[in-house]
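Read the questions below with the sequence and the model side by side. Try each one before reading its answer.

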Amino acid sequence: MTLKKAGKAKISARPGLKLPRRRLPPAERRTQIIEAAKALFGEGGIEQVSMRNIARRVGITQAAIYQHFQDKDAILFSIAEDFFTLLIEGSLKTAQEVADPVQRLRRSMHNYVASGLEHPEEYRLVFMTHAPGLRRQGGHRPVPGETPPIQPSKGRIAYGHMQDQVRELVASGLIRKGDPEVMAEAIWAAGHGIVALLITHVDFPWSRETLAETQINMLFEGLLPDDSPSRAVNAGKRQAGKRPKA
């Protein structure tokens with residue numbers, strides 16, 4: 001090692017010397033901020049967390065964080081968009097794999113429950129916290145009198161996929177007649193209820209798969225007309241799933 005190089009090595013190792021902070025690409029820094037925010041929101045609640053707290057957790061200045069997000073609502077909206085992207089991808093995959101529209105909606109319900117259980121922290125933030133800013137930016141339907149956004153949120157797109165399925169089923173007579181908008185909300189509420197219950201009471205000895213399957217079966221029993229051929233299909237599946245008596 002030359003004297004010049006040795007001097008540099010000695011200086012870099014000097015105690016207390018602050019090395020320059022590594023500059024990350026914007027996308028990587030945004031991801032880092034989002035992950036830090038999710039952790040802090042889960043630890044202390046959204047209201048107790050400031051942009052300064054998030055910046056400190058990431059290791060950047062408070063001024064630097066505003067180069068990526070305007071405020072906490074913007075961070076939460078980004079978290080929601082990521083979660084709804086998963087739902088949209090699942091919905092599109094189901095549409096390709098399942099031809100029968102009734103079974104497609106049933107599969108969509110299972111996918112929704114599974115996505116919520118696989119991402120409980122994100123689900124709590126998106127659906128189980130009071131965040132008026134998030135509701136304004138990403139509510140499932142437009143607020144009366146508001147100007148529709150040029151680019152709808154992923155939340156509205158995801159919910160719109162389910163609305164379209166319900167409208168199609170009502171129009172074709174494959175489920176009972178009713179207001180498709182209200183029916184879509186009721187179906188979502190059933191899925192939300194099971195997810196919220198299971199991620200809130202994690203220590204209760206639930207049989208998750210059986211509980212979710214039973215609730216979805218009960219929901220479709222109410223939706224299907226009395227003469228629906230899907231009733232026989234569903235009954236056959238339930239019968240096949242029963243264990244033989246000893």
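Reading a predicted model

Q: Is Trp-206 buried, partly exposed or exposed?
A: Buried means under 20% relative accessible area and exposed means over 50%, with partly exposed in between (1.4 Å probe, protein chains only). Trp-206 has a relative accessibility of 27%, so Trp-206 counts as partly exposed.

Q: What pLDDT do local features need here?
A: Residues are numbered from 1 along each chain as its sequence is written, and side-chain values use heavy atoms, leaving out hydrogens and water. The model is predicted: totals for chains, interfaces and linings use all residues, side-chain atom pairs count only at pLDDT 80 or more, and local features need pLDDT of at least 70.

Q: How many helices are there in the chain?
A: Helices (H or I, at least four residues) and strands (E, at least two) are DSSP runs, numbered from the N terminus. The chain has zero strands, and its helices number 12.

Q: How far apart are the end C-alpha atoms of helix 2?
A: The expected span of a helix is 1.5 Å times one less than its number of residues. Helix 2 (residues 26–44) has 19 residues, so it should span 27 Å; the distance between its end C-alpha atoms agrees, at 27 Å.

Q: Which helices do the buried residues of helix 2 pack against?
A: The buried residues of helix 2 include Ile-33, Leu-40 and Phe-41. Contact means heavy atoms within 4.5 Å. The buried residues of helix 2 pack against helix 3 (51–58), helix 4 (62–65), helix 5 (72–97) and helix 7 (120–127).

Q: Which residue forms a salt bridge with Glu-43?
A: A salt bridge is a side-chain nitrogen of Lys or Arg within 4 Å of a carboxyl oxygen of Asp or Glu. Glu-43 is exposed, with a relative accessible area of 56%. The closest N and O atoms of the pair are 3.1 Å apart, and the partner of Glu-43 is Arg-57. The pair ties together parts 14 residues apart in sequence, because Glu-43 lies in helix 2 and its partner in helix 3: the partner is Arg-57.

Q: What angle lies between the ring planes of Phe-204 and Trp-206?
A: Rings of Phe, Tyr and Trp (its six-membered ring) pair if their centres lie within 6.5 Å; planes under 30 degrees apart count as stacked, over 60 as edge-to-face and the rest as tilted. By this rule there are nine aromatic pairs. Phe-204 and Trp-206 form a tilted pair, 4.4 Å centre to centre, with an angle between the planes of 40°.
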